Amino acid sequence: MAKTKTAPRARTRVAVLGAGSWGTTFAKILADSGADVMLWARRPELAREISEAKRNSDYLAGINLPISLRATSRLDLALAGAEQVYVSVPSQALRENLAAAQPHLHADATVVSLMKGVEKGTGLRMSEVVAEVLRIDPAQIAVISGPNLALEIAKEQPTAAVVSSTSLETAQAVAMVASNPYFRTFVNTDVIGTEFGGVLKNLIAVAIGIVDGVGYGENTKASIITRGLVEITDFAVAYGAAPETMSGLAGLGDLIATCQSPLSRNNTAGRLLGQGYSEADVVKQMNQTTEGLASVGPILELARAQGVEMPIVEQVRQVLAGTLDPRDLAPHLTTDTDEPQGERTIDDKTPGGGPLRRAFQRALHQLRHGGGSAPRDRS
Ligand SMILES: NC(=O)C1=CN([C@@H]2O[C@H](COP(=O)(O)OP(=O)(O)OC[C@H]3O[C@@H](n4cnc5c(N)ncnc54)[C@H](O)[C@@H]3O)[C@@H](O)[C@H]2O)C=CC1
Ligand SMILES: O=C(CO)COP(=O)(O)O
């Protein structure tokens with residue numbers, strides 16, 4: 001019997017906007033996953049180096065890029081026929097880049113944010129900026145986040161990430177195109193949690209860098225990471241995230257990677273602050289995007305709006321402003337208000353409330369006001 005020939009599956013045409021360390025690495029992930037990728041670089045000389053030498057010596061020194069990867073400095077060429085558009089520019093530059101891209105974008109294209117920041121001034125998440133500028137169906141928008149230090153992935157070290165969209169179908173379509181033997185993608189529909197996980201871990205990584213720069217050791221760092229996870233979970237849950245997302249790859253996973261690695265720019269910036277450099281000096285020294293520095297202000301404003309306390313992020317703000325000595329940054333286990341302190345002194349795995357937590361708070365309140373002993377950490 002003659003074998004039926006199956007036609008080879010057409011390669012999905014995708015564009016990646018931004019040829020910095022993550023944009024270039026993601027273009028490699030997509031090309032290695034079998035997609036037909038066009039990478040947009042702002043500078044024509046960088047686009048030429050990527051297309052001709054298959055190198056990006058400014059951002060990914062020593063990495064050989066896939067032969068099939070092409071780059072251009074023309075947005076119209078990058079976007080022509082692209083079914084999926086992955087965006088990896090600094091968060092504060094997203095709006096202007098989207099406005100430039102819009103006339104060349106296919107009406108049905110899926111737009112995928114790879115970014116981990118919020119917009120100053122509006123406090124919007126990147127998917128919200130995409131929705132506001134492009135006015136497309138939310139089902140056309142996805143975000144990708146997780147423990148994804150670019151250089152490790154460019155070296156093809158096995159990594160997992162989360163693709164999130166309010167449409168599971170969209171998340172799955174993106175995950176299909178962005179999966180290969182070294183890059184495994186999981187899907188969810190919790191865009192808020194997935195995005196905030198990436199934004200908030202940067203702030204805790206800056207705090208970790210600061211105490212590292214001061215010379216404090218593992219106890220301090222583990223305390224900050226643990227308390228930081230509670231803090232960022234409280235924040236994200238207050239904005240509608242699922243708590244499980246914060247203990248998954250896009251929350252805890254990314255928090256661990258970013259807080260542990262000297263490859264992290266947020267961690268590095270924090271270390272310089274801890275060594276006594278001012279914010280202005282640090283910004284001058286970092287020649288790559290350091291989202292955490294720009295996110296501190298908007299995140300604290302959003303936290304205030306929901307009544308969420310973020311003592312560690314607040315201390316980072318004070319170090320940046322030069323009003324707190326980096327040596328005084330500590331996992332904030334006490335507060336300076338007269339309020340009952342149950343909310344902040346319970347080491348609770350269910351941030352955001354629950355009957356058990358409320359009962360515990362009542363007991364703590366009684367103890368405190370009835371002259372009993374100090375609250376104990378339950379962990
Ligand atoms: N590098 C990493 O390991 C990862 C980065 N991300 C996120 O990806 C986003 C981009 O980060 P990276 O690629 O690392 O940054 P980068 O600093 O390496 O590259 C940024 C790119 O954006 C371009 N760009 C376009 N418009 C710009 C403008 N107006 N101002 C400045 N640059 C402009 C730059 O030319 C450059 O190619 C950030 O939100 C970051 O948090 C997410 C996961 C991993
Ligand atoms: O998001 C990242 C890892 O998941 C990269 O972190 P940095 O932006 O601090 O380098």
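I started with ligand 1: 24 residues surround it, and the closest are Gly20, Trp22, Ala93, Met115 and Ala150. I took a residue as near when its C-beta atom, placed from the backbone, lies within 6 Å. This is a predicted model, where local features need pLDDT of at least 70, side-chain atom pairs count only at pLDDT 80 or more, and totals for chains, interfaces and linings use all residues. Residues are numbered from 1 along each chain as its sequence is written, with chains lettered from A and ligands numbered from 1 in the order written.

Next, the shell by class. I got 10 nonpolar, 11 polar and three charged residues around ligand 1; Ala, Val, Leu, Ile, Met, Phe, Trp, Tyr, Cys and Pro count as nonpolar, Asp, Glu, Lys and Arg as charged, the others, Gly among them, as polar.

Where does ligand 1 lie relative to domain 1 and domain 2? Domain 1 (13-189) and domain 2 (193-332) both contribute to its shell, so ligand 1 sits between them. The bounds come from an automatic or database domain assignment. Helix 1 (residues 21-32) gives the largest share of the shell, three residues.

I looked up the fold too: 17 helices and eight strands, as DSSP runs (helices H or I, at least four residues; strands E, at least two) numbered from the N terminus.

Last, confidence. Average pLDDT (the predictor's per-residue confidence, 0 to 100) is 89 for the protein, and 85% of the residues score at least 70. Over residues 334-345 it is below 50, and over residues 348-379 it is below 50 as well. For the complex I noted an ipTM of 0.99 and a pTM of 0.90.

Conventions: Contact = placed C-beta atoms within 7 Å.
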